[in-house]
Amino acid sequence: MHTHLGRTWNTDPPMTVDGLLRWMDENNVAKAVVLPLVSPESSSYLNLTEQALAAAKAHPDRFIAFCCIDPRTSYSGGRAGLRAMLKEYVDQGAKGFGEHKAGLPIDEKQMMALYEVCDDLKLPVLFHCDNLRGIDAPGLPGLERVLARFRM
C-alpha cells in the first residue's frame, strides 16, 4: 500500500528514489504511495512531505505523493490557516493525507481539526493506530467517533 523515502528507523539504511524504483521493478510493483512521517514519535527520522512530492513530480507514473502535518504544529489563522497549509500541498500534487502517526488519541481535538480540513479538501487519510500513535481503546470507540463525523 505505501512506502517512505529517506531514512525511517535508525537501524535501516535510507531509501532513495532510485533504490525504491529498482526494488519496485524487481518485485513487479507498478506504483507506490509515498508517505511522509512528520511526527516525532512516527519514526527515528522525519520524512518530509516535500520528499514525497519531489519523487512524485519526477516519476508521476510510479509514485503517488501524500502530505502530512503534525497536529501539534504551530500555525496562524485557526482552521483557515491549517486549511491553507494543506491546500499548498494539494496544489503541489498531494493526493492524500498520511501517514498520520501522531502520539495523540485518534479522536483528540487537534486530530479532529486535521480530519475536518482533510474532509473539506476531499483528502483520504491513512492513519496509524497502536498504543503510542493514533491511540484508541479496545473496540476502537475513538475511531468510530472519527468515522461517524468524517468521510475519509
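User: Axes here are lines fitted to C-alpha atoms, and angles run from 0 to 180 degrees between N-to-C directions. On that basis, at what angle does helix α1 run to β3?

Analyst: The model is a predicted one. In it, helix α1, residues 17-26, runs at about 125 degrees to β3. This helix lies across β1, β2 and β3.

User: And helix α2, which strands does that lie across?

Analyst: Helix α2, made up of residues 49-58, lies across β2 and β3. Its angle to β3 is about 145 degrees.

User: What is the strand order in that sheet, and is the pairing parallel or antiparallel?

Analyst: The order is β1-β2-β3, in an open sheet of three strands with parallel pairing.

User: How many bridges pair β1 with strand β2?

Analyst: Two bridges join β1 to β2, the strand of residues 32-34, in the parallel sense. Within this sheet, His2 stands opposite Val33 of β2.

User: Changing topic to aromatics: how many pairs turn up in the whole structure?

Analyst: The search finds two aromatic pairs. In one of them, the ring centres of Tyr115 and Phe127 are 6.5 Å apart with the planes at 45 degrees, so the pair is classed as tilted. Tyr115 belongs to helix α4 (residues 109-120) and Phe127 to strand β5 (residues 125-127), so the pair ties together parts 12 residues apart in sequence.

User: What is the geometry of the pair between Tyr115 and Phe150?

Analyst: That pair is edge-to-face, with 6.3 Å from centre to centre and 65 degrees between the planes. The link joins distant parts of the chain, 35 residues apart: Tyr115 is in helix α4, while Phe150 is in the segment after α5 (141-149). Phe150 counts as buried because its relative accessibility is 5%. Taken together, Tyr115, Phe127 and Phe150 form one aromatic cluster.

User: What does Glu116 contact, leaving aside its neighbours within four places in sequence?

Analyst: With those neighbours left aside, Glu116 is in contact with Arg79, Arg149 and Phe150. Glu116 lies in helix α4, and its relative accessibility of 27% means that it counts as partly exposed.

User: How far is Glu116 from Ala32, C-alpha to C-alpha?

Analyst: Their C-alpha atoms are separated by 26 Å, and the two residues are 84 residues apart along the chain.

User: Last topic, cysteines. What is the count of disulfides?

Analyst: The count is zero. For Cys67, the nearest cysteine sulfur is that of Cys118, at 6.6 Å, and Cys67 is in no disulfide. Cys67 is buried, with a relative accessible area of 0%.

Terms used
Residues are numbered from 1 along each chain as its sequence is written. This is a predicted model: local features need pLDDT of at least 70, side-chain atom pairs count only at pLDDT 80 or more; totals for chains, interfaces and linings use all residues. Side-chain values use heavy atoms; hydrogens and water are left out. Two strands pair if DSSP finds at least two bridges between them. Helices (H or I, at least four residues) and strands (E, at least two) are DSSP runs, numbered from the N terminus. Contact means heavy atoms within 4.5 Å. Rings of Phe, Tyr and Trp (its six-membered ring) pair if their centres lie within 6.5 Å; planes under 30 degrees apart count as stacked, over 60 as edge-to-face and the rest as tilted. Buried means under 20% relative accessible area, exposed over 50%, partly exposed in between (1.4 Å probe, protein chains only). A disulfide is a pair of cysteine sulfur atoms within 2.5 Å.
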